[in-house]
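Subject: Structure for you to look at

Hi,

Here is the structure I said I would pass on. Have a look at it first, then read my notes below.

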Amino acid sequence: MSKNPFRVLGLAPEALRGRTDDQIKSLIRALGRAQAQIEHPDVGGVEARFKTIQGALDELEKPEVFAAAKNRLLKPVQTERVQLEAAH
């Protein structure tokens, strides 16, 4: 999957900040379930979007993918914060 699975699910860095990995995983499950119910083809959703959501959820179940995706998502925020602190 080329796009960050957190982004596929609509999770912004702000949603992750200050949360433990277990809290993030719980959030992912709840959000994924809700989105999958909306996008399921049997209820009029778009099959391609449903499969994309399922793919993101499957990827985030892998510990190494979860850690890498989380780091990629949070890295721009951390870099920006360092730049702002250096300017003061």
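One term before we start: two residues are in contact when heavy atoms of theirs lie within 4.5 Å. With that in mind, take Lys70: leaving aside neighbours within four places in sequence, Lys70 is in contact with Phe6, Leu16, Asp21 and Ile24. I'll come back to this residue, but let me give you the overview.

**The overall picture**

Please keep in mind that this is a predicted model. The mean pLDDT of the protein is 85, and 83% of its residues reach 70 or more. Where pLDDT is low, the predicted coordinates should not be read in detail.

What is the secondary structure made of? You'll find five helices and zero strands, so if you read along the sequence the pattern is α-α-α-α-α. Of the 88 residues in the protein, 31% are buried. The protein exposes about 5,900 Å², and carbon and sulfur atoms supply 52% of that.

Here is a number on how the chain meets itself. Take the contacts with a separation of 6 or more: residues 24 or more positions apart account for 59% of them.

**The core**

In soluble globular proteins, nonpolar side chains tend to be buried together. In this model, the largest nonpolar core has 15 residues. Phe6, Leu9, Leu16, Ile24, Ile28, Leu60 and Phe66 are the ones with the most contacts inside it. Which helices each supply at least two residues of this core? They are H1 (5-8), H3 (21-39), H4 (47-60) and H5 (63-87).

Not counting residues up to four places away in sequence, Leu16 touches Phe6, Ile24, Lys70, Leu73 and Leu74. Two of those names, Phe6 and Ile24, are also on the list of core residues with the most contacts.

**Back to Lys70**

Lys70 sits in helix H5. Is it buried or exposed? Its relative accessibility is 18%, and the cut-off for buried is under 20%, so Lys70 counts as buried. Its side chain makes a polar contact with the side chain of Asp21, at 2.5 Å. That pairing also qualifies as a salt bridge between the two side chains (2.5 Å, N to O). Asp21 lies in helix H3 and Lys70 in helix H5, so the pair ties together parts that are 49 residues apart in sequence. Asp21 itself is partly exposed, with a relative accessible area of 34%.

**The other salt bridges**

How many salt bridges are there? The count comes to three. Besides the Asp21 and Lys70 pair, these are the two others:

- Lys51 and Glu47: their side chains meet at 3.3 Å, N to O. Both lie in helix H4, four residues apart, which is about one turn of the helix. Lys51 is exposed, with a relative accessible area of 53%, while Glu47 is partly exposed at 44%.
- Glu59 and Lys62: their side chains meet at 3.0 Å, N to O. Glu59 is partly exposed, with a relative accessible area of 22%, and Lys62 counts as partly exposed too, at 36% relative accessibility.

Asn4 lies in the segment before H1. With 9% relative accessibility, Asn4 counts as buried. Its side chain reaches the backbone nitrogen of Phe6 at 2.9 Å. Not counting residues up to four places away in sequence, Asn4 touches Ala69, Arg72 and Leu73.

Thr52 is in helix H4, and it is partly exposed, with a relative accessible area of 34%. How far apart are Thr52 and Ala36, in sequence and in space? They are 16 residues apart in sequence and 9.6 Å apart in space, C-alpha to C-alpha.

If you want a place to begin, find Lys70 and follow its side chain to the side chain of Asp21.

Cheers

Definitions and conventions. Residues are numbered from 1 along each chain as its sequence is written. This is a predicted model: local features need pLDDT of at least 70, side-chain atom pairs count only at pLDDT 80 or more; totals for chains, interfaces and linings use all residues. Side-chain values use heavy atoms; hydrogens and water are left out. A nonpolar core is a set of buried Ala, Val, Leu, Ile, Met, Phe, Trp, Tyr and Cys residues joined through side-chain atoms within 4.5 Å. Buried means under 20% relative accessible area, exposed over 50%, partly exposed in between (1.4 Å probe, protein chains only). A polar contact is a pair of N or O atoms within 3.5 Å; within protein, one must be able to donate a hydrogen and the other to accept it, and residues adjacent in sequence count only if both atoms are side-chain atoms. Accessible areas come from the Shrake-Rupley method with a 1.4 Å probe; for residues, only the protein chains shown count as cover. pLDDT is the predictor's confidence in each residue, from 0 to 100. A salt bridge is a side-chain nitrogen of Lys or Arg within 4 Å of a carboxyl oxygen of Asp or Glu.
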